[in-house]
Amino acid sequence: MTDSLAPTPTDGSKDSSKRAGNEVRTKMPVWLFRTILGVIIAVLLVVGYMVASVTVPLIWAKSIGNQIGNQLGNSIPLGMFYGFAFSFVPVLVAWQAHHRKLNKWVRVSLAILGVILTVPNLLTLGVLYGTTQTAADARSIWANSANWFGTWSQMFMVVGVICAVAVIVLGRMWMKRGRKIREIKAAEKLLRDNETAKERAAKAAIKAQRNNPPAEPTGTPQA
């Protein structure tokens, strides 16, 4: 009489099935992981913004005041420099990200670098138009030590953007003009080459005719 009972699983198979079941139970769904990660990033950004809004305006105002050195006349050129440099350069850098020939991550890096370069002007605007008590305290510092910095900085922010856009537009026009000139020169060169080839072919045909004149008929005349 044969034994009809199914074979009992070994301890190894029990452990493997148990581990597989634990992995299925402990694996987190992708959407849940992304949601938790997004919430954490949002919380960190909010906390960072709150801390920065309390500390950064005063730090920036004191830094500008120290650079001016209690000489109000220095606030005008310093404002012109910050306003122009940190709007002109970022626009040109960020514009390079539109080139499709560049790697995707290079383009992203250029765009991020362009934003980072605007930070000094963003700090200036945060002091001038901030609604927090810290921004008000920073404006009072500038009122005593850098009275004209904010005004001239804002003016040259606009000038910097306009100049950057003008450079981009003129540069594209110059490049387009250069491409057209190169195309015209290439077409003219091709035409000259064709004419030269035709002249050489005609001269070769004339030379061949001179070297090999047509043979005269050799038949005898009939009586």
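# Close-up views of a helical protein

**View 1. Helices α2 and α6 side by side.** The axes of α2 and α6 cross at roughly 10° and come within 8 Å. Angles under 35 degrees count as roughly parallel, so α2 is roughly parallel to α6. This is a predicted model. On the α2 side, the contact uses Ser-53, Val-54, Pro-57, Leu-58, Trp-60, Ala-61, Lys-62, Ile-64, Gly-65 and Ile-68. On the α6 side, the partners are Thr-134, Ala-135, Asp-137, Ala-138, Ile-141, Trp-142 and Ser-145. By class, the residues of this α2 and α6 contact are 11 nonpolar, four polar and two charged.

View 2. Thr-134 sits in helix α6. Is Thr-134 buried or exposed? The relative accessible area of Thr-134 is 11%. Buried means under 20%, so Thr-134 counts as buried. Beyond its neighbours within four places in sequence, Thr-134 touches Ser-53, Val-54, Pro-57 and Leu-58. Ser-53 and Thr-134 are 81 residues apart along the chain, yet their C-alpha atoms are separated by 7.3 Å.

**View 3. Helices α5 and α6 crossing.** Helix α5 covers residues 119-129, and helix α6 covers residues 133-145. The two helices pack at an angle of about 100°, with axes 7 Å apart. Angles of 65 to 115 degrees count as roughly perpendicular, so α5 is roughly perpendicular to α6. From α5, the contact takes in Thr-124, Gly-126, Val-127, Leu-128 and Tyr-129. From α6 come Ala-135, Ala-138, Arg-139 and Trp-142. The residues of this α5 and α6 contact comprise six nonpolar, two polar and one charged.

**View 4. The largest nonpolar core.** Which residues make up the largest nonpolar core? It holds 11 residues: Trp-60, Ala-61, Ile-64, Ile-68, Leu-78, Tyr-82, Val-127, Ala-138, Trp-142, Ala-146 and Phe-149. Helices α2 (30-68), α3 (75-95) and α6 each give two or more residues to this core. The most come from α2, with four residues. In soluble globular proteins, nonpolar side chains tend to be buried together.

**View 5. Ile-64 within the core.** Ile-64 is one of the core residues. Leaving aside neighbours within four places in sequence, Ile-64 contacts Leu-78, Tyr-82, Trp-142, Ala-146 and Phe-149.

**View 6. Ser-153 at its contacts.** Ser-153 lies in helix α7, residues 149-211. Ser-153 has a relative accessible area of 0% and is therefore buried. Which residues does Ser-153 meet, leaving aside its neighbours within four places in sequence? They are Gly-79, Gly-83, Asn-121 and Thr-124. Thr-124 also belongs to the contact of α5 with α6.

**View 7. The whole protein for context.** The protein has seven helices and zero strands. Its elements run α-α-α-α-α-α-α from the N terminus on. Of its 223 residues, 17% count as buried. The accessible surface comes to about 17,400 Å², and 66% of that surface belongs to carbon and sulfur atoms. Among contacts between residues at least 6 apart in sequence, 73% join residues at least 24 apart.

Definitions and conventions. Residues numbered from 1 in each chain as written. Predicted model: local features only at pLDDT ≥ 70, side-chain atom pairs only at ≥ 80, totals over all residues. Heavy atoms only, no water. Axes fitted to C-alpha atoms, helices over the stretch in contact; angles between N-to-C directions. Parallel < 35°, antiparallel > 145°, perpendicular 65-115°, else oblique. Contact = heavy atoms within 4.5 Å. Nonpolar A, V, L, I, M, F, W, Y, C, P; charged D, E, K, R; others polar. Buried < 20%, exposed > 50% of the residue type's maximum accessible area, 1.4 Å probe, protein only. Areas by Shrake-Rupley, 256 points an atom, 1.4 Å probe, with all protein chains shown as cover. Core = buried A, V, L, I, M, F, W, Y, C linked by side-chain atoms within 4.5 Å.
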